[in-house]
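Let's take a friendly walk through a protein model. Have the chain in view and follow along as we go from strands to helices to loops.

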Amino acid sequence: MSKLVPVILCGGSGTRLWPRSRASKPKPFLPLVGDTTLFQATIARCPATEGFDPPVVVTGTAHLEHVDEQLGNIAGSQIIVEPSARNTAAAIALAALRLPEDAIMLVCPSDHHIGNAKAFAEAACMAAELAQEGWLVSFGIEATAPETGFGYLKRGEAIGDQAFRTAQFVEKPDLERAKSFLSEGIYAWNGGIFAFRVGDFLKELDTHRPQILAAVRDAVAKGHEDGNRFHPDPQTFATVESESVDYAVMENTSRAAMVPADMAWSDIGNWPALHVARDRDEQGNATRGDVELVDCQNVLVDSDGPRVSVIGLQDVYIVVDGNDIMITTAAGAQKVGKLSGAANQ
């Protein structure tokens, strides 16, 4: 087996989890589930003892301090500092061009929660074996609800015992279509976790988006190292087209495969998702900080200081962060990122 290298993508502003998550310190770097941050948990899922190589972290200048603080002293780790945000195709290409062509990249977002680390490791091993055979592999997260906020993967013909061709990448559906996906049983959520051999990924990117690869390659050639950090050339990288790896490569390649993964996954994309990921009492309530609840159901309260007392509410999320207080219903949670405090950072 070639080297299995975790490539950890750290970006975004986490506005849907405002006011706890902010542009200056977004959700990957916060202890939202348990005592460790989502970024630290992502790194911990890929230990050397399980056959993983040191991680390659791709992040922006704004988050470099948090990465330095939380990565720890992992020998051989690399930090690639994006001079500007250019989406996942370019971010993954940066990492690929800093690795041997026969290395297997395991691309992981840094802001997801995975409750079953053993199932993750098993899926990663299976994905790596497929990548060794030339497949570009997505993790197909078991769909447990008709979610409209996720993309989906349609399962195609079997490849071996527990892997499949990806028959179709499906954009975020409306509710009725999402319900039909769930009932058909051959659709999985697209969790944005991938495995592929470096050389195969670069070949597919060159085939389908040669202009992206050419510009990233030029930015890397003109870049410079600073300890374990690598800085691509800012002016050149600014010319790279911004496109997701799904659009640029995965939806176009004839070698797309998927590995089913039932690993208690959540993208922690909003307050309801975080509520589900946290431990809850018999009434479905989850609290953090100095909180008193009376006759409440399915309530989340997260306070970093003031005591919060709540009586008789259901399906409500209350967050106190410094001088900011946010209160929303479950239905309103999708609009949190549009609040002026979240949008105007």
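R288 stands opposite D302 of strand β16. In β18, D302 has V319 as its bridge partner, while L300 is bridged there to Y317. Before going further, please note that this is a predicted model, in which local features need pLDDT of at least 70, side-chain atom pairs count only at pLDDT 80 or more, and totals for chains, interfaces and linings use all residues. Residues are numbered from 1 along each chain as its sequence is written, and side-chain values use heavy atoms, with hydrogens and water left out.

**The sheet**

Strands here are DSSP runs of E with at least two residues, helices are runs of H or I with at least four residues, and both are numbered from the N terminus. Two strands pair if DSSP finds at least two bridges between them.

β16 (residues 300-303) runs parallel to β18 (residues 316-321), and four bridges join them. With β14, β16 also pairs in the parallel sense, over three bridges. L300 and D302 point one way from β16, V301 and S303 point the other way, and all are buried. Buried means under 20% relative accessible area, exposed means over 50%, and partly exposed lies in between (1.4 Å probe, protein chains only).

**Helices**

Is helix α3 (residues 87-96) largely enclosed or largely open? Eight of its ten residues are buried, so the rest of the structure largely encloses α3. Among the buried ones are A89, I92 and L94.

Helix α6 (residues 198-208) and helix α7 (residues 210-221) have axes that come within 5 Å and cross at roughly 120°. Axes are lines fitted to C-alpha atoms, for helices over the stretch in contact, and angles run from 0 to 180 degrees between N-to-C directions. From α6, the residues L202, L205, D206, T207 and H208 meet P210, I212 and L213 of α7; contact means heavy atoms within 4.5 Å. The residues of this contact divide into five nonpolar, two polar and one charged. Ala, Val, Leu, Ile, Met, Phe, Trp, Tyr, Cys and Pro count as nonpolar, Asp, Glu, Lys and Arg as charged, and the others, Gly among them, as polar.

Q70 sits in helix α2 (residues 64-71). With 11% relative accessibility, Q70 counts as buried. Which side chain does the side chain of Q70 meet in a polar contact? The partner is T37, at 2.7 Å. A polar contact is a pair of N or O atoms within 3.5 Å; within protein, one must be able to donate a hydrogen and the other to accept it, and residues adjacent in sequence count only if both atoms are side-chain atoms. Not counting residues up to four places away in sequence, Q70 touches K25, P28, F29, T37, F39 and Q40.

**Loops**

A143 lies in the loop between β6 (136-142) and β7 (152-159). Leaving aside neighbours within four places in sequence, A143 is in contact with Y152, L182, Y187 and W189.

| Residue | Relative accessible area | Class |
|---|---|---|
| A143 | 18% | buried |
| A264 | 48% | partly exposed |
| D295 | 66% | exposed |

Most residues other than glycine have a negative phi, and most peptide bonds are trans. A264, in the loop between β12 (256-261) and β13 (265-266), has a positive phi near 55°. D295, in the loop between β15 (291-294) and β16, has a positive phi of about 55° although it is not a glycine. Finally, the peptide bond from W18 to P19 is cis, with omega near 10°; P19 is placed in the loop between β1 (4-10) and α1 (38-44).
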